[in-house]
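Please examine the sequence and the structure before reading the solutions.

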Amino acid sequence: KGPTMTELPPFLSTPIDRRRFLSISAMVGATAALAACAPGGGGTGGGGTATSLSMWNATFDTIATTSSTTRDGTVVQCKTGYEKEAGTAIDLGDLPRDDQMFAKLRTAGVARNGPAIATIWSGSYTFGLKDYLMPLDEYYPAEARAGMVGWDAVTEGFVEGEGTIWGVPCGVDGLSAMYFNQEMLTNAGVTLDPEQVQDWDEFIGTLDKIQASGVTPLALGSYEYLAFSLFYWMAQVTGGSRGIFELGSGAQNFSDPAVKSVVEQWLTLVPYTVQGAPVMSGGDALGKIIAGEAAGTFSGSWLIPDLRAGLGDAVTMTRLPNVGGATSSLDGGIGGPGNAFVVTASAPDVAAAVEFINFLNSPAEQIARGKLAEPPMPNVVGLAAADVYTDPLLIQQAEWANGEFVFWADNTWPSELVGELFAQAQLAWNGDIGVDEFLSTIDEKRDALLEG
């Protein structure tokens with residue numbers, strides 16, 4: 001279970017500005033951002049004696065594909081370079097890129113045969129695994145954290161410097177946005193301005209035009225239809241990130257009229273969406289867009305390279321619409337530092353594991369990944385997006401994330417509550433239960449968790 005939600009952490013006490021949430025310091029200059037990539041570069045790890053380490057990866061692309069080439073991802077190249085320089089063999093394996101990653105890690109943790117290192121989702125997802133993880137406070141004092149943003153998301157209680165550090169922030173996701181095949185928009189007579197946020201009625205009008213052209217407007221996977229959209233719209237009517245926290249703490253209820261209205265609007269998307277959203281993977285949703293079976297989706301910045309590989313320049317990105325009744329977090333989005341490196345209790349040498357994490361997370365390696373448009377986006381302090389990216393969509397994402405946003409709700413609420421939301425949302429989306437039953441069930445689950 002994630003942190004007990006009884007008091008609002010300071011970083012959630014106002015609408016999140018990326019400069020506040022990510023603790024960006026203007027005093028850290030470009031020299032620090034361009035530090036050389038070397039073992040031990042960042043953090044105070046070093047001195048490890050392990051000759052081999054294993055890492056289970058759910059974040060980095062081990063194979064990078066563009067419209068014309070396929071190559072090893074930079075994480076594979078970095079692993080090879082580290083093995084030569086440090087003399088430590090790295091066994092790089094994959095974790096599922098959905099919530100099955102946690103089941104696999106828990107099973108390995110119980111059996112004590114897990115990896116030394118893993119990349120997983122941050123926040124409450126990480127804290128829910130802490131029985132199988134190593135605390136990292138001694139390796140990351142304040143001075144070691146200064147050059148990298150996102151430490152709130154790996155610190156229990158969500159306040160950097162005031163709780164146990166259970167991971168190391170691994171990049172930034174940007175914000176969830178809408179992505180469309182531009183050719184399909186043109187055929188439907190739709191023009192979208194990336195700087196103009198639609199209200200709900202305008203958004204539905206856009207979907208109507210796309211549907212009238214003979215194309216299914218949306219392909220959404222199990223996270224796209226819920227965590228990347230509905231959770232943001234819930235925040236818009238409850239007070240932004242504070243509202244998300246208060247829904248988890250019981251200060252507000254999911255069954256409150258404003259949230260009920262949002263869910264009713266959300267359900268109007270069903271006839272515009274390829275069937276099977278609650279059980280579809282994000283990759284399958286992407287495949288339907290590439291194949292011309294749907295016009296668009298909701299997702300984070302990590303989708304941009306794959307869309308470019310499949311559609312080239314024919315990609316339009318715009319912000320999520322403002323839901324009807326929205327009172328806060330207008331024209332923003334949901335996102336932030338959603339991934340983390342962790343060192344598991346199975347690690348034969350914690351110092352050696354930290355040293356490899358620091359190597360992968362060094363400014364030079366992050367910038368190299370960014371220049372090749374590999375997700376996640378760098379979380380290096382003071383780094384200008386235009387110095388890393390040439391793709392205007394990635395530059396735009398970085399600029400959006402430099403304003404107000406709502407931190408991932410599913411990384412904030414306890415994992416058991418998120419699991420119940422996914423289960424009940426599927427029933428509501430499929431018409432098997434009504435809105436009142438959906439939301440009252442979530443309130444009951446939250447209250448039971450708080451009592452426990």
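Helices (H or I, at least four residues) are DSSP runs, numbered from the N terminus. The model is predicted, so local features need pLDDT of at least 70 and side-chain atom pairs count only at pLDDT 80 or more, whereas totals for chains, interfaces and linings use all residues. Residues are numbered from 1 along each chain as its sequence is written, and side-chain values use heavy atoms, with hydrogens and water left out.

**Exercise 1.** Describe the salt bridge between Arg 242 and Glu 246.

Solution. Step 1: a salt bridge requires a side-chain nitrogen of Lys or Arg within 4 Å of a carboxyl oxygen of Asp or Glu. For Arg 242 and Glu 246, the N to O distance is 3.4 Å.

Step 1: the two residues are 4 residues apart in helix 10 (residues 241–249), and therefore about one helical turn separates them.

Step 2: buried means under 20% relative accessible area, exposed over 50%, and partly exposed in between (1.4 Å probe, protein chains only). Arg 242 is partly exposed at 33%, while Glu 246 is buried at 19%.

**Exercise 2.** Determine which parts of the chain the pair Arg 308 and Asp 391 ties together.

Solution. Step 1: the closest N and O atoms of this salt bridge are 2.8 Å apart.

Step 1: Arg 308 belongs to helix 13 (residues 304–311), and Asp 391 to the loop between helix 15 (363–371) and helix 16 (392–400), so the pair ties together parts 83 residues apart in sequence.

Step 2: Arg 308 is buried, with 16% relative accessibility; Asp 391 is also buried, at 15%.

**Exercise 3.** How many salt bridges does a search of the whole structure find?

Solution. The search finds 10. Salt bridges also link Asp 443, Arg 446 and Asp 447 in a network.
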